[in-house]
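Dear colleague,

Please find below the structure that I am handing over to you.

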Amino acid sequence: RKGMLGQDRTILITDNPELFLAPVNTLVREMRTRTNQLRQLQHRLKKGSAQGQSSSRQSVEKQQAKILCGRHMKELIQTKLRHVQEKLCLSDHVDHTAWHRLQRTLLGINILFTDQESWPDENIVRAYRSQHHIEEAFKRMKNPHFVSWRPMHHRTDQKIRVHGFYCVLALLLSSLLRRQLARKGVDLSLVTMLESLSQVQEIALVYRGASSKIKPVLTSSTLNATQKQLIQALDLKRFQIA
């Protein structure tokens, strides 16, 4: 436990090898690109000096800063700009101490803090890694066709609150339905699930004769494999009019 943002919190540090490799590869690629650009700048300085042209120190420093503007680049790539026989000379090298320190203290590491004192470590990590479900849910409310917040044809605060309530309620019910399907082995996105269900239709076959009878059926000629799976998993045939 430690003080965090003015409150005592439970602190947990996670080290994820999978999250370590991706930024390492990205940084190596970025360092290679930046050092190549610095080499090109060195070549231009030498070429300009050979032709009697010279760049100002301020201009070179500005170009150098632009090359090293990426995250961690100024920390990882050290440069030295000096005058050699009244000519500007630029050199650079990778700071391996900073590189190892960055790998040890930042890459692949997350610092989590929570006020859930009774939670075991596994639950804290699981809750943190599950937050993308909430982000995905709010993203879905921007979908123009399903569980959509807009268009909202209201202006008064009271009606906007009601609109917000039934939008969140629709999201909740749709998410519960998706969870029910997932438990039965049907793993679909919320939009795919709603789109597939909305295309399932019921038709009524009317048989005329001495005793007219109506036989409602779910359309089967146009149902795809996903829709048939949904009908079976949710037992939709029980809603057919007898």
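On a 1 Å grid over the protein atoms alone, a pocket is an open set of points where a 1.4 Å probe fits, with protein on both sides within 12 Å along at least five of seven lines; lining residues have an atom within 4 Å of a point. A volume is the space filled by probe spheres set on the points, which are joined across faces, edges and corners.

This is a predicted model, in which local features need pLDDT of at least 70 and side-chain atom pairs pLDDT 80 or more, while totals for chains, interfaces and linings use all residues. Residues are numbered from 1 along each chain, and side-chain values use heavy atoms, without hydrogens and water.

The largest pocket holds about 430 Å³ of space. It is lined by 17 residues, and those closest to its centre are His133, Ala137, Ser175, Arg178 and Leu190. Helix H6 (131–140) and helix H7 (157–183) each supply at least two lining residues; helices here are DSSP runs of H or I with at least four residues, strands are runs of E with at least two, and both are numbered from the N terminus. H7 gives the largest share, seven residues.

Strands E3 (residues 77–84) and E4 (residues 87–94) pair in the antiparallel sense over eight bridges, where pairing requires at least two DSSP bridges. Glutamine 78 stands opposite histidine 93 in E4. Two residues lie between the strands of this hairpin, and glutamine 85 takes a positive phi near 55°.

Zero disulfides were counted, a disulfide being a pair of cysteine sulfur atoms within 2.5 Å.

Yours sincerely
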